[in-house]
Amino acid sequence: MSTGVGVSSCCVSGKIHSGTPTGRVETIGGIQTYVAEPSSGSKAKTVIFLVDIFGWELPNVRLLADQYAKTGGFYCYVPDVHDGDSLPLSFLQNVEPPLKDKEQLTLVDKAKNAAIVPTTLGPWLISHREGVSRPKIDGFVNAVRMIPGTNKIGAIGFCWGGRYAILQAHGQSKDENGSSVGGVDAAFACHPSLVAIPGDFDPVTKPLSLALGTKDSLLDVDSIGKIQDVMAKKTDVPHEIRLYEDQVHGFALRGDFSSEKDKKSQDEAAQQGMQWFEKYLS
């Protein structure tokens, strides 16, 4: 039986990072997309960023795509797979403060947050359920494959998008017309949410890297152990699972840069992803 791991208030914790994204916006496969390209302009190593609930306009994800392009030489796409319906940044700012501030909240504050999160997230998750979102993501992958110069494609996902990166690591699937859709050559999932264990991991056929925090309320130690057990049986599929000490859900994208430990973990997660894609997209 699959174990579903859901979404809690930690899914909306974190910080907005400063900086000005340097990419551009294009329409690809009918989807508004942020594009960050390497100085070489090469599309040989392409990476699709599958966003969290705050979407493609979150400065953090665009800045990270810029980093992958500039430092790693990857051609990066950040598609609006929410069709303009991502949760507002005010939800991130007001509902859940960083861990060090969270520990100082009163019981009344915690109760208020606990009530707001499900009433906001619940309807959104229904609107963006797998039956709606996966075909969009599969279609976007197909559209990118058709772009001249594109060779191998990787998917990186965060939180909500982390699960879809894992699903893309299943390889190509068939749509209702029997046509091959989606599927990437390698995937990197950071603190994925809503994962089914073992259901989402058993079908993995492509190289998969995972970055998980030891204090992620959405993936507890028991859940992580189950994932490790499933992946350990896949001796023919390259994989890695790296645990980041004391890191909460969202750390690889929305880490608190005022904390040296949090910034170091986010930097190391970025390096983990770039090294993985350099190995399996080259």
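Four bridges join strand β3 (residues 31–36) to strand β5 (residues 75–79) in an antiparallel arrangement, and within this pair V35 stands opposite Y77 of β5. Strands are DSSP runs of E of at least two residues and helices are runs of H or I of at least four, both numbered from the N terminus, while two strands are taken to pair if DSSP finds at least two bridges between them. The model is a predicted one, in which local features need pLDDT of at least 70 and side-chain atom pairs count only at pLDDT 80 or more, whereas totals for chains, interfaces and linings use all residues. Residues are numbered from 1 along each chain as its sequence is written, and side-chain values use heavy atoms, with hydrogens and water left out.

The β3–β5 pair belongs to an open sheet of eight strands with mixed pairing, in the order β2-β3-β5-β4-β6-β9-β11-β12. Strands β2 (24–28) and β12 (239–244) stand at the edges with a single partner strand each, so that one side of each is left without a neighbour in the sheet. From one strand to the next the twist averages 20 degrees, where axes are lines fitted to C-alpha atoms, for helices over the stretch in contact, and angles run from 0 to 180 degrees between N-to-C directions.

Strand β6 (152–158) runs parallel to β4, to which it is joined by six bridges, and T46 has I153 in β6 as its bridge partner. Five bridges join β6 to β9, again in parallel, with A189 in β9 as the bridge partner of G157. Six of the seven residues of β6 are buried (under 20% relative accessible area, with exposed being over 50% and partly exposed in between, for a 1.4 Å probe and protein chains only), so this strand is largely enclosed by the rest of the structure. Helix α6 (residues 160–168) is likewise largely enclosed, because nine of its nine residues are buried; among them are W160, R163, Y164 and Q168.

Helix α9 (residues 260–281) lies across β4, β6, β9, β11 (208–213) and β12, and runs at about 170 degrees to β9.

Beyond residues up to four places away in sequence, the contacts of F277 include V47, Y68, F74, I156 and F188. C76 counts as buried at 0% relative accessibility, and C159 is buried with a relative accessible area of 0%; the structure holds zero disulfides (pairs of cysteine sulfur atoms within 2.5 Å).

H82, in the loop between β5 and α2 (89–95), is buried, with a relative accessible area of 1%. Leaving aside neighbours within four places in sequence, H82 is in contact with V51, D52, I53, G55, W124, H128 and W160, and the C-alpha atoms of H82 and I53, 29 residues apart along the chain, are separated by 8.4 Å. The side chains of H82 and S86 are joined by a polar contact of 2.7 Å, a polar contact being a pair of N or O atoms within 3.5 Å in which, within protein, one must be able to donate a hydrogen and the other to accept it, and for which residues adjacent in sequence count only if both atoms are side-chain atoms.

Technical notes:
Contact means heavy atoms within 4.5 Å.
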